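Please keep the sequence and the 3D view open as you read, and find each residue as it is named.

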Amino acid sequence: MSAEPDGPEDRLRRFATIWSRAVFPVTTTSSTRPEFEAQLLPLARRLSEALRTRTFDADAGRSVGAALVTVHCTDPEALSRTLDCVDAYLVLYCGGDGDQEDLRVRASRLQHAMAAGFAQALRERTLAEQEAISAAALKAQGVVAQALHASEARFRAVFEGAAIGIGMADLDGNILQVNEALLRMFGITEKTMLGRNVAEWTHPEDAPQTWTLYDELVRGEREHYHVEKAFSRPDGTALWTNLTVSLLRDADGDPQYQLALMEDTTERRLLNLRLRYEATHDALTGLPNRTFFFERLEKALGAGEGQRFGLCYLDLDGFKTINDSLGHAAGDRLLVEVADRLQSCTTAPGEMVARLGGDEFVALTTGTDTEREVDELASRIMHALIAPISVDGRELTVRGSIGIVEGPAGERSAAEVLRSADITMYRAKASGGNRFELADAEADARAITRHGLTTALPTALERGEFFIEYQPLVHLGDGSVRGAEALVRWLHPQHGVLGPDRFIPLAEHTGLIVPLGRWVLEQSVRQARDWRERHTDAGPLRINVNLSPCQLTHPGLVQDTVDILERTGVDPDALCLEVTESALIGADDDLLKPLRRLAEMGVDIALDDFGTGYSNLANLRRLPVSILKLDRSFTQSMQQFPADPVDLKIVEGIVSLAHSLDLAVTVEGVETGAQAEQLRILGCDTAQGWYYARPGPPDRLHELALVDATG
């Protein structure tokens, strides 16, 4: 990390300072505030690294939460203030230049992990303290027994001075003696206590074995037992204790009294319940969180025969726009209102709703008739979102897309069910949103395949799994091969050879189209150089390479093309870049500028799929193109004889217009000799299609060109 002013290290120390100032007043440490800050600094660094690491590590958050207990931050308020600091300042001081939304989500996950780690560490510390108390209790038992036999005065000193509650009763349960500590715990007087019997102290929360152990002890079959037990105070509140009951025998070894030692654990139990709640509930909405939801879903999926489940996976449509335009505070208020409405939709037994994070919610229903119930649940959710939500005086309309998964318990894991629901939800969103869709196994498989291809794309380029096939471009006048179009393929290890329609859209979505397109361009230009060197008698062969809309907007397009041409020693006139008509519809001068620069260098620009868009023909004059490529839809009717006269007139008109603008015309999809002859008569310049050759390896084009050259 940098140490310059306002560098990462300086910002990290600011965060540690803010953290220490917030938490120090509620710690039990004997250190000074600067010493305490020094203890928090490595914890802050661990949080900063976890926030920005490539793969999220919840263990880092849990370890920081546990470390808080080690540095004497055991008060619940210390945890609360810590989580507030992380929420408000961690991304601000330690986020760097990362995506703010992603960093906030990570910070939220770190908070939950810290709470879980804090709870676990505090629980372990509590258990250790309990063991120490139990040992002290057993020791006290021996001291008390000895005092009874030896000296009433010494017994009284131990009995009254003990910090834990002590009570003694006979074997019938009649209370004989209690100390002040026990009276304070119960909130009653000694007179009231001495009139009671142990059997009156039953409580609804008693463990099943509690009174069995008691009966064994008073019969002399057990020397002592230890349980966690609740008692009812006179004011109606519950007193939770760690209770140790021991049997006292007389000098002859016969059972004589029972001695109870009680430690008040009420506050500790309330803290553990609070930490458990915070670890399993969403801090913003109060709904169960992802952890709690997975516990319930796994329980539902593990239910017995005949049980079913239904899951609704909801994602709000357009929430990001609201969040970005009105701010995160308004977005949070919107989410709280949505959560309240969803909560009102799950009122039947076996139903619950949870927030997974962001604007994603899930609703679960279980039972034997979930096929009907889950549809009704989804309908209730959609209806609950109809009414506008008022936020900061604005009436916001919220809609949602829901993916539904329903089925019998025991067939799928929780992760598989949630993945299917997620895929189905995105299918509903892709269909326009504001609707729900039922999971479909085939659609899931296609989506999983697409996801697998998307994740495999980056390494596929590194491993050399892509290759290029070439389809010849033939001159309609003399039938000679004038060049070829480069068509990229993917030799996938599992799926075999994939055409560009399977992966180019994925590459455009992920941004990999830029390095992939650069690779295709360089390989194709090198191939054009090899062709020219191998058969000079065949005339110059030109290579056509497709450009995606993403490549057009990339600032390095012109420089990359120039560098490739210079490295390979190929003249610009050997290259033609094909751009789809739809990519140039309404294009402004900034988008056309790189194409104009390439055209001025001598690179041909072809307008691909011409006739499939809605561009104004007058726009052709302002586009830096030299070739029109007619879409195959114009030539399909020419496979029959006679050809449709209307189609002939359209093609003839386009060819005439193109030639009047000094544009050459190439036709795609030529599959018969009749088509080729008709297109030649209409004045088209070049053609490509299966009539001439299917896409193939570069050597095949060399053979075709050589045949044309020799005659």
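The residues that line the largest cavity divide into 16 nonpolar, four polar and one charged. The model is a predicted one, and a search of the whole structure finds five cavities of 30 Å³ or more. The points below take up two of these cavities, then a pocket, a set of paired strands and a helix.

**The largest cavity**

- The largest cavity holds about 230 Å³ of space, and its lining is made up of 21 residues, of which V198, W201, Q258, A260 and M262 lie nearest its centre.
- Two or more lining residues come from each of the elements β1 (165–170), β2 (175–178), α9 (210–218), β3 (224–232), β4 (238–249) and β5 (255–264).
- Of these elements, β5 gives the largest share of the lining, with four residues.

- Strand β4 is largely enclosed by the rest of the structure, because ten of its twelve residues are buried.
- On one side of the pairing, β3 and β4 run antiparallel and are joined by nine bridges, with S232 standing opposite A238 in β4.
- The strands β3 and β4 form a hairpin that has five residues between them, and in that turn G236 has a positive phi of about 90°.
- Strand β4 also runs antiparallel to β5, to which nine bridges join it, and here T241 stands opposite D264 in β5.
- A hairpin is formed by β4 and β5 as well, with five residues between them and with G253 in the turn, where this glycine has a positive phi of about 90°.

**The second largest cavity**

- The second largest cavity holds about 110 Å³ of space, and the residues that line it include V514, R518, L521, N546, H554 and D560.
- The elements that give two or more residues to this lining are α18 (513–534), β16 (542–547) and α20 (557–568), and the largest share, four residues, comes from α18.
- By residue type, the lining of the second largest cavity divides into five nonpolar, five polar and two charged residues.

**The second largest pocket**

- About 760 Å³ of space lies in the second largest pocket, which is lined by 37 residues, with E485, L487, P500, N546 and D608 nearest its centre.
- Among the elements that give two or more residues to the lining of this pocket are β14 (481–492), α17 (500–510), α18, β16 and β18 (604–610), while the largest share, five residues, comes from α17.
- The lining of the second largest pocket divides into 17 nonpolar, ten polar and ten charged residues.

**Helix α2**

- A kink of about 30° lies at L40 in α2, shortly before the proline P42.
- The buried residues of α2 include F36, L40, L43, A44, L47 and L51, and E37 and S48 are also among them.
- An α-helix has 3.6 residues a turn, so residues three or four places apart point the same way.

Notes
Residues are numbered from 1 along each chain as its sequence is written. This is a predicted model: local features need pLDDT of at least 70, side-chain atom pairs count only at pLDDT 80 or more; totals for chains, interfaces and linings use all residues. Side-chain values use heavy atoms; hydrogens and water are left out. On a 1 Å grid over the protein atoms alone, a cavity is a set of points where a 1.4 Å probe fits but cannot get out, and a pocket is an open set with protein on both sides within 12 Å along at least five of seven lines; lining residues have an atom within 4 Å of a point. Grid points are joined across faces, edges and corners, and a volume is the space filled by probe spheres set on the points. Ala, Val, Leu, Ile, Met, Phe, Trp, Tyr, Cys and Pro count as nonpolar, Asp, Glu, Lys and Arg as charged, and the others, Gly among them, as polar. Buried means under 20% relative accessible area, exposed over 50%, partly exposed in between (1.4 Å probe, protein chains only). Two strands pair if DSSP finds at least two bridges between them. The bend at a residue is the angle between axes fitted to the seven residues ending there and the seven starting there.
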